[in-house]
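Biologist: Please put the model up. I would like to go through it by question and answer.

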Amino acid sequence: MATVQSSEEVYLGFDFSTQQLKVVAINEQLEVIHQDNVHFDSQLAHFRTDGGVHVAADGLRVTSPVLMWVKALDLLLDKMQKAGFDFSSVRALSGSGQQHGSVYWKTGASRTLEQLDPAFSLHQQLQMSCDVFQDSFSVDNSPVWMDSSTGLQCERLQEAVGGAARLADITGSRAYERFTGNQIAKMHQEQPRNFQDTERISLVSSFAASLFLGGYAAIDYSDGSGMNLLDIRTKKWSDICLEATAPNLDRLLGTPLPSVSVLGPVSSYWVRRFGFPDSCKVVAFTGDNPASLAGMRLQQGDIAVSLGTSDTVFVWLQHPRPALEGHVLVNPVDWQQFMALLCFKNGSLTRERVRNRCAEGSWEVFSAALRETPLGNDGYIGFFFDVLEIMPRAVGIHLFDADNNKVSTVSAQAEVRALVEGQFLSRRLHAELLGYSIIPGSRVLATGGASCNKDILQVLSDVFNAPVYTIDVSNSACLGSAYRAMHGLLDKSGVSFFDVLKKAPEARLVATPQPTAQQVYNHMLKRFAQLEKRVLQEPHP
Ligand code: ADP
Ligand code: XUL
């Protein structure tokens with residue numbers, strides 16, 4: 001990492017992700033000069049989260065305490081200050097958040113945000129009622145993307161707009177349980193008093209931007225596309241969707257804006273408490289997947305695979321063709337373009353469970369199992385859905401031998417390979433169903449926590465039969481947010497995102513397909529698709 005020199009201008013990118021809050025600082029040469037993070041489970045242990053969330057007994061409702069996110073920001077800024085970070089050099093900041101999660105601001109909270117006192121931390125001022133401060137959130141536990149408890153609301157929404165295909169055509173996606181509109185509908189139905197007491201609803205991204213702005217930040221088009229509420233073509237809230245969801249939503253959500261928008265300067269709280277310049281701009285925050293697209297400087301023809309808490313796959317899209325599977329979002333770096341996104345719930349946490357069960361809790365042993373087992377795993381294929389998966393909507397562990405017979409166990413090493421191959425076969429299958437195809441010159445860009453593992457990336461390269469590249473910062477959402485902060489200042493003068501980033505380091509080649517990969521996995525993919533249909537027919541909640 002280069003070191004901060006006080007004369008240089010710096011851009012910050014934050015990422016409010018599922019398990020942690022992270023930050024990256026870059027200078028004008030686009031060099032990373034500082035990185036830090038706060039891990040929720042270990043560093044804010046009193047919130048008692050597991051993987052950053054609370055899962056209800058029914059296994060369907062999944063939430064995170066909103067104050068945990070606020071406290072994490074306090075802690076992160078304190079850590080940066082202790083490390084000697086010079087906030088006076090920050091010209092602009094932006095950020096991202098896990099997508100779909102919602103924050104409910106209590107009536108009166110905007111006044112608290114406007115009048116934040118630099119003598120106190122954010123969480124002291126936004127916390128539950130006490131003698132000095134008013135309570136700022138009408139709902140303490142925010143529903144997050146892992147929630148799948150809104151089946152009923154999804155059905156009603158689709159019915160109201162004229163079916164799943166019609167909803168997908170308007171909003172880019174059919175109704176999904178984790179999508180914010182359906183979460184809001186459920187909140188309105190199940191917690192009417194809290195809903196009544198709400199003056200604004202934010203996404204995790206716009207909530208975080210609001211903290212910096214000292215006022216409510218707009219929802220950006222790109223993260224706004226993950227709500228089942230935004231018309232992705234007109235970029236306005238869809239009246240029919242709002243009406244079918246809850247009353248007064250137009251007012252509660254505010255007007256959405258392009259992701260590149262400069263929302264305003266940081267509030268005086270940041271200037272006085274940490275020494276940010278009062279000219280430091282806040283550029284609209286967006287979703288973590290859109291921010292990753294920016295961080296990887298994804299181009300047409302590339303496919304990005306993010307291996308975080310969730311695994312996601314995304315591509316740049318010129319023309320939206322929403323389908324019943326997957327999501328089309330407004331593009332975060334060019335609001336006239338689009339991106340396609342696929343999300344899989346059973347990502348890193350499932351890999352961790354199998355690592356603990358089959359590889360002595362060690363990534364090294366896990367990697368060795370991948371190296372020591374053959375491509376194609378002697379025909380064994382596995383589906384590992386610890387929680388209800390999105391695509392396919394199935395749950396449980398399903399293992400098959402080379403003759404497609406169900407088996408209950410395989411060796412520990414074969415289980416590791418079955419997991420990783422199964423995950424990547426599924427990512428490829430569903431990307432192809434969405435219209436993606438591997439062509440000569442295609443690159444797979446990998447990011448997220450598990451992208452530091454070369455053996456996992458080798459399997460990715462083999463299954464996709466394409467070279468895999470990474471960028472040096474494994475958190476591309478943070479980096480993308482810092483890039484977007486920089487671009488936000490220049491967008492009005494007509495400079496494109498890619499022009500701003502000409503000097504950014506090139507992605508690094510980390511794996512190329514092995515000679516037999518194409519033959520092995522083309523055949524296996526066909527079997528996988530058939531077996532997935534069988535798994536889908538098994539009973540689930
Ligand atoms: P998020 O942004 O969703 O909070 P990250 O992208 O930071 O998550 O990824 C965190 C995950 O990275 C951890 O849950 C862990 O399983 C995974 N991870 C970290 N190191 C390795 C490794 N060496 N091999 C595989 N996975 C890893
Ligand atoms: C995307 C999704 C997740 C979250 C958390 O649709 O639900 O990827 O953004 O990372």
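Biologist: This is a predicted model. Which residues does T309 touch, not counting residues up to four places away in sequence?
Modeller: T309 lies in the loop between β15 and β16. Not counting residues up to four places away in sequence, it touches T18, Q19, W145, M146, K345, G347, S348 and L349.

Biologist: Is T309 buried or exposed?
Modeller: The cut-off for buried is under 20% relative accessible area. T309 has 11%, so it counts as buried.

Biologist: What is the length of the polar contact that joins the side chains of T309 and Q19?
Modeller: Q19 is one of the residues that T309 touches. Their side chains are joined by a polar contact of 3.0 Å.

Biologist: What separates the C-alpha atoms of T309 and V262?
Modeller: The two residues are 47 residues apart along the chain. Their C-alpha atoms are separated by 30 Å.

Biologist: Which strand does β15 run parallel to, joined by four bridges?
Modeller: β15 covers residues 303–307. One of its residues, I303, has V444 as its bridge partner. The parallel strand joined to β15 by four bridges is β22.

Biologist: Which way do the residues of β22 point, and are they buried or exposed?
Modeller: V444 and A446 point one way from the strand. L445 and T447 point the other way. On burial, all of them are buried.

Biologist: Which residue of β23 stands opposite A446?
Modeller: β22 and β23 pair in the parallel sense, over three bridges. Strand β23 spans residues 468–470. Opposite A446 stands T470.

Biologist: What covers the buried residues of α16?
Modeller: In α16, residues F366, S367, A368, A369 and L370 are buried. Their cover includes α15, α17 and α18.

Biologist: Which residue caps the N-terminal end of α16?
Modeller: A side-chain oxygen lies 3.1 Å from the backbone nitrogen of E364. That oxygen belongs to S362.

Biologist: What is the relative accessible area of H487?
Modeller: H487 lies in helix α19. Leaving aside neighbours within four places in sequence, its contacts are V260, V333, V495, S496, F497 and V500. The backbone oxygen of V495 lies 3.0 Å from a polar atom of the H487 side chain. H487 is buried, and its relative accessible area is 3%.

Biologist: What radius of gyration does the protein chain have?
Modeller: The chain has 541 residues, so a compact globule would have a radius of gyration near 24 Å. The C-alpha atoms fill a box of roughly 65 × 55 × 45 Å along the principal axes. The chain's own value agrees with the compact globule: 22 Å.

Biologist: What percentage of the residues of the protein chain count as buried?
Modeller: The chain holds 21 helices and 24 strands. Of its contacts with a separation of 6 or more, 72% come from residues 24 or more positions apart. The share of residues that count as buried is 62%.

Technical notes
Residues numbered from 1 in each chain as written. Chains lettered and ligands numbered in written order. Predicted model: local features only at pLDDT ≥ 70, side-chain atom pairs only at ≥ 80, totals over all residues. Heavy atoms only, no water. Buried < 20%, exposed > 50% of the residue type's maximum accessible area, 1.4 Å probe, protein only. Helix = DSSP H or I, 4+ residues; strand = E, 2+ residues; numbered from the N terminus. Pairing = 2+ DSSP bridges. Rg over C-alpha atoms; globule rule 2.2 N^0.38 Å. Contact = heavy atoms within 4.5 Å. Polar contact = N/O pair within 3.5 Å; in protein donor to acceptor, adjacent residues only side chain to side chain.
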